[in-house]
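Please work through the exercises below with the model open beside you, trying each task before reading its solution.

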Amino acid sequence: MTSYINHPLLKKDAIESRLYQQILAGDVLKKGNTMVVAPTALGKTIVAILVAADRLHKVKNSKVLVLAPSKPLAIQHEASFKEFINLPCTSITGAVKTDERVKRWEESRIISATPQTIESDLLNGRYDLSSVSLIVFDECHHGVGSYSYVYLASRYVQESKFNLVLALTASPGSDKFKIKEVCENLYIQNIVVKTEDDPDVKPYFNPVEIEWVRVKMSSELEKIKEHVDKALKVRLKALKNMGVIKTVSVGKVDILKARSRIQGEIARTTNPDKELFHAISILSAVINIQHAQELIETQGVQTFNKYVARLRKKKTKAAKSLMWDDNFSRAVKMAKEAEKHGWEHPKLREITKILKKELGESDGQTKLKTSRFDDKSDESSSKIMVFTQYRDTLEMIHQKLEKEGIKSAKFFGQAQKDGEKGLTQKEQKAIIKSFRKGEYDVLISTSVAEEGIDIPAVDLVVLYEPVPSEVRMIQRRGRTGRKRTGRVKVLVTNGTRDEAYFWSSIRKEDMMKNQLIDPEVLEELNASATERMENEKKVKVIDRPKKENDFPIVYADSREGNSKVIRHLTEMEIDVKVHSMAVADYQVSDEVAIERKTAKDFVDSLIDKRLFKQAKELSEEFKHPIMILEGDDLYNGMVNPNAIRGSMASIAIDFGISIIPTRNAQDTAAMIKRIAVREQNGERTPIQIRTDKKPVSLLEQQLFIVESLPNIGPVNAKNLLQHFGSVANVLNASESELQEVDGIGKKTAENIRKVIDSKYLYFQKEIKEKKLL
């Protein structure tokens with residue numbers, strides 16, 4: 001007879017009494033901030049619900065905040081808590097308007113949310129965490145670097161009067177230092193590990209059988225790969241002769257390290273040797289070829305051909321050198337022929353064979369399952385998921401299955417790629433609903449379905465390729481075995497990267513398990529987290545004698561909302577107000593505004609011509625404009641250091657903008673605070689925020705039009721207008737006339753005329769379509 005957990009806040013006969021879940025919940029309540037590591041489908045959410053019920057019952061009028069890395073998962077948690085707890089529960093995501101988010105926070109006791117949304121609301125002062133008695137970090141392995149979990153944990157420990165942290169994950173990773181970083185960032189003092197082999201778990205856990213299906217590369221693919229290998233070998237020999245690498249037997253990691261080293265040499269050299277830039281170009285080509293090798297070995301000719309098509313569109317020397325390379329060109333030609341003849345990667349035939357066998361066939365037709373369109377068909381019909389790394393491969397598999405009469409649905413992320421729109425959240429939900437009802441036999445997905453998506457339990461998971469990440473392998477595996485014994489089939493191409501990735505994931509998973517149960521590791525993590533907790537409590541926000549009028553005020557542009565700078569400013573007794581600003585990122589007075597640029601952003605804005613436009617607007621709007629240049633890797637790219645130095649000189653001299661270097665986001669925040677303190681001098685006088693730019697003058701419009709021509713910057717645009725007298729005369733000038741202007745060479749003149757004189761291709765396409773109609 002099934003027994004249930006009784007609690008004043010839990011719904012009657014709602015949660016089945018499982019001893020291991022109650023012990024886990026008891027450990028959290030007794031030992032403090034805890035990370036629970038357990039396989040998917042073991043009921044980690046139920047543990048969170050049990051802990052939440054206890055905290056809400058004992059800490060009167062407190063709240064519980066449940067954080068999840070995606071909107072669907074946040075909404076899924078909301079539904080789970082509503083199902084089991086008798087208290088107001090809601091969800092807060094970026095899709096909810098600001099006023100409604102504040103209302104939901106105030107009226108609810110349990111809030112399930114995305115971390116970025118909560119962070120934004122906290123930084124804008126819409127509410128605080130002082131009344132939160134429990135914070136749950138789901139998929140807590142995300143709590144590294146600058147991810148929002150890190151800031152929210154720090155803020156929570158400072159603000160909450162009665163804090164308790166519960167972190168949940170199926171896979172924190174194999175890297176000891178990453179596990180330690182997650183624990184330190186989230187103030188974890190205790191780690192509890194539950195596995196499918198634990199005696200108290202076994203009765204409730206469905207085992208997952210893993211089968212490694214080996215395939216052999218076809219002779220056609222071998223021949224294509226031979227030519228790709230030759231193209232790679234030539235470049236590796238060149239790099240060895242240049243002294244960039246010591247041996248031609250190198251992997252991707254070695255090449256990336258070599259590129260980083262050469263970029264460092266360029267950065268440290270006043271006038272870099274041209275050979276260094278040549279080496280960077282060769283290294284970039286090598287990275288491209290290594291990726292092409294992987295696609296041929298593990299994916300197939302269709303995916304390879306689509307990658308080559310993208311390479312053709314690139315204008316870099318590395319990409320062009322590949323297109324001109326005899327060996328690579330021969331491989332491309334052979335791959336096109338292979339696709340025409342339908343020569344597939346053996347994996348494609350194998351996966352079709354597996355799926356047909358699983359679904360069952362009768363006279364060449366896939367058998368229909370009973371209750372096909374019944375919502376309850378979860379229990380009676382076979383459900384299969386196929387995972388693949390690449391969207392191109394996903395499309396290839398989908399087309400193959402459709403030809404074979406197997407109904408499949410494509411499932412991928414929201415980002416647009418190569419002109420193909422991503423799936424909206426609404427479209428993703430519709431696909432999952434149809435899959436659950438049995439309208440599709442197979443769901444083919446990229447990594448987007450590994451976590452955070454409410455996908456029904458499946459009987460079989462097929463991995464088109466192994467992945468070297470133990471975290472991702474565990475997440476993919478966790479999609480099966482939820483309601484009955486699960487099965488996973490992993491396709492491995494013999495003698496390729498597939499084998500290396502296969503052994504890598506197994507080794508890393510073993511490392512992860514060993515480190516999580518190592519007493520020394522646990523003791524070290526506990527001591528580290530305890531010390532950090534004590535340090536945070538010493539600067540507890542609620543204990544500060546804070547009077548808002550005593551703090552300097554800094555206005556920040558809303559686009560800086562997710563930057564770590566605002567986070568650090570809020571920790572420095574600064575009154576930060578986030579507004580939409582037309583010019584600058586930060587403003588501290590009517591006369592002083594600050595444009596913040598990371599080293600990468602500075603170089604990127606120089607390349608795409610945003611830099612001088614932004615400098616011009618900044619200098620026109622403010623009497624004392626400042627540019628903060630953040631980071632020490634300014635010269636670690638393909639742009640000549642002298643071009644960067646020249647740009648900095650122009651910003652300082654031509655535009656009168658002071659440039660202040662900082663090391664990182666924290667240093668930037670400290671500098672902004674110091675400027676605000678100096679500028680405001682203890683007085684909080686009203687500051688006029690620039691929400692609109694000054695009207696654009698006729699001269700500015702003329703310069704803007706001419707600057708849009710190819711290879712034309714502010715200086716050349718001014719020279720052209722001064723020489724010809726009007727925009728119309730510039731556009732009507734011949735190549736020879738254009739070359740009379742200082743700074744305009746033959747190639748630039750040809751490109752300008754080409755842009756002006758070429759027919760509008762889209763218009764031609766429209767005409768053709770109308771004629772066809």
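**Exercise 1. Find which residues ring pairs link into a cluster with Phe 137.**

Solution. Begin with the criterion: rings of Phe, Tyr and Trp (its six-membered ring) pair if their centres lie within 6.5 Å, and planes under 30 degrees apart count as stacked, over 60 as edge-to-face and the rest as tilted. Ring pairs then join Phe 137, Tyr 147 and Tyr 149 into a cluster. Before going further, note that this is a predicted model, in which local features need pLDDT of at least 70 and side-chain atom pairs count only at pLDDT 80 or more, while totals for chains, interfaces and linings use all residues. Residues are numbered from 1 along each chain as its sequence is written, and side-chain values use heavy atoms, with hydrogens and water left out.

**Exercise 2. Classify the pair formed by Trp 105 and Tyr 127, and then the pair formed by Phe 137 and Tyr 149.**

Solution. A search of the whole structure finds seven aromatic pairs. In one of them, the ring centres of Trp 105 and Tyr 127 are 4.2 Å apart and the planes are at 5°, so this pair is stacked. It links distant parts of the chain, since Trp 105 belongs to helix α4 (residues 98-107) and Tyr 127 to the loop between α5 (115-123) and β5 (132-138), 22 residues apart; helices (H or I, at least four residues) and strands (E, at least two) are DSSP runs, numbered from the N terminus. Both Trp 105 and Tyr 127 are buried, where buried means under 20% relative accessible area, exposed over 50%, and partly exposed in between (1.4 Å probe, protein chains only). Turning to Phe 137 and Tyr 149, the centres are 5.0 Å apart with 65° between the planes, an edge-to-face pair. This pair, too, links distant parts of the chain, with Phe 137 in strand β5 and Tyr 149 in helix α6 (residues 148-159), twelve residues apart. Phe 137 and Tyr 149 are both buried.

**Exercise 3. Work out the strand order of the open sheet of six strands, and say which strands are at its edges.**

Solution. The order is β8-β15-β14-β11-β13-β12, with parallel pairing; two strands pair if DSSP finds at least two bridges between them. The edge strands, each pairing on one side only, are β8 (208-215) and β12 (408-411). From one strand to the next, the twist averages 20°, where axes are lines fitted to C-alpha atoms, for helices over the stretch in contact, and angles run from 0 to 180 degrees between N-to-C directions. Within the sheet, strands β14 (residues 460-463) and β15 (residues 486-493) run parallel and are joined by four bridges, and Val 462 has Lys 489 of β15 as its bridge partner.
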